[in-house]
Amino acid sequence: MFFNRRNHIAVIITVAVALLIAPAIDGRRRTSKEVRRDRQKTEQQISSTKNKISANDKETSRQLNRLNLLNANIELRADTIRAIQQRIDSVNVSINRLNDSIAVLTERSQKLKDTYAHTLRTVRARRQSMNDISFIFSSKSFSQAWRRMRYLGEIAKTSTRQARQVKIATDNLALARNSLDSLKAAHTQSLTALNTAQTSMQKERAKADVLVADLRKESKSLQRELRRRRDQAAALDRELNRVIDQEIREAEARRIAEEKARREAEEKRRAEEKRLAEEKARKDAEAKAQAAAAKKDTKKKPAEKPVKPTKPEPAKPAQAQETTPKKQAPKATNEFAARAAADRKLSGSFAANKGKLLFPVAGRYTITSNFGTYDHPDFAKVKMNNLGIDIEVPRGTSTRAVFDGVVSSIFRLDGYHSVVILRHGEYLTVYAGIDALAVKKGQSVKAGQTLGSLYSDPDDGGRTSLHFEIRHEKQKLNPVEWVK
């Protein structure tokens, strides 16, 4: 039973008023020591009341967690009951069809048996009057003997065929009846499972009703707890949006820097090409001038042996310098391009695996709060808004990466302990509720890699849970549609 705050606060107010009017009642003035003692006593009572209110709020939180778990189990029981009911309906249809088949097989088998019995009676009656040899040799002609031999052969074949048909029909009937027995056994088993599931659901529903009744008695405490959880969820959403905005700004800055580096590299390449072209033109002009001067000197002095002009040596270095800028690219540009290519690859792979991603925890789990905005199943006018899903797991469970990615951010937040954000290109996955981290910011992780062990609340019986989200940048996605 919860602590009754109203009665206790009323008592405190009454005591305080009594202390204030005490001097007027006893007719004497209180000493400073008495005043300090009374003040300390009042402060102790107020502190005790605050502690009890805090304990009451914690109990409300625990009761609300139990209610969420019970409601999740009730929903699972309901799904199980629906599946069992569908199986029972299917078995009933199969039983009805099999009963019809058995009826047809029974009728056919009986007809075959009657026909076979009639054939046997006919053969037996004939043999009593005359055996087969006598029947053949009593023929008046060879052709009549031949016909009688053929007749006896047909009778034997007919008898054998009828016997085989009777056996097949009997075997089919036996198989059908065995199948019917198996279906009836499955039907009985399904009914037992259905009754068990319904009984379990009724017990859990009764427990949930008790919790709901207790929580309704403490409506103010319940409202404070729901408001506290809404504030925590809003704080997480703001922090995630801040982190995402920062990453978007950094990505935009990288894009601008990449574009600037690309333009500078292009301008540098063009300037170098222009310089090399001008250098080559200058050297070509000098070579032509030297050739013209040499030619002129040769005409003036024909006796002298003409000097063969040598090729200008700087031509090779100029060519080498011309090719150098084309082979090398700025390091920053290569880094940005590689990162952009990796982001595109991760984005495409992540989106292509929708519905096939790993579940963020391994082993047994229960989803206690689903994605989206919906009405609380037990409290009218209470709206639930979850930006992801809440998963309750056994104590000691760890969370794992649902896909390859990079740890883009790690931070702590009241109510969520450590929060890890993995980036998968344009997509992000959020893991909140981690106690001991196993990764660090900037680390590349593989699908299934452990990110850390989850926090177990000692004040709530070791309750362990994970809050999990999937986002396409700021767009919230339903995780249930992405994981398997």
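Patches here are made of residues with over 30% relative accessible area and no salt bridge, with like charges joined within 9 Å and nonpolar side chains (Val, Leu, Ile, Met, Phe, Trp, Tyr) within 5 Å. A salt bridge is a side-chain nitrogen of Lys or Arg within 4 Å of a carboxyl oxygen of Asp or Glu, and accessible areas come from the Shrake-Rupley method with a 1.4 Å probe, only the protein chains shown counting as cover for residues. The model is predicted, so local features need pLDDT of at least 70 and side-chain atom pairs count only at pLDDT 80 or more, while totals for chains, interfaces and linings use all residues. Numbering runs from 1 along each chain as its sequence is written, and side-chain values use heavy atoms, with hydrogens and water left out.

Phe-142, Trp-146 and Met-149 make a nonpolar surface patch of about 400 Å². Trp-146 sits in helix H4 (residues 142-217); helices (H or I, at least four residues) and strands (E, at least two) are DSSP runs numbered from the N terminus. With a relative accessible area of 48%, Trp-146 is partly exposed (buried is under 20%, exposed over 50%, partly exposed in between; 1.4 Å probe, protein chains only).

Over in helix H5 (residues 219-300), Gln-232 is buried at 13%. Beyond four places in sequence, Gln-232 is in contact with Asp-414, Gly-415 and Tyr-416 (heavy atoms within 4.5 Å).

Strand E8 (residues 427-437) is mostly covered, eight of its eleven residues being buried. E8 runs antiparallel to E7 (residues 417-424), joined by seven bridges (pairing takes at least two DSSP bridges). Antiparallel pairing also links E8 to E12 (residues 463-472) over six bridges.
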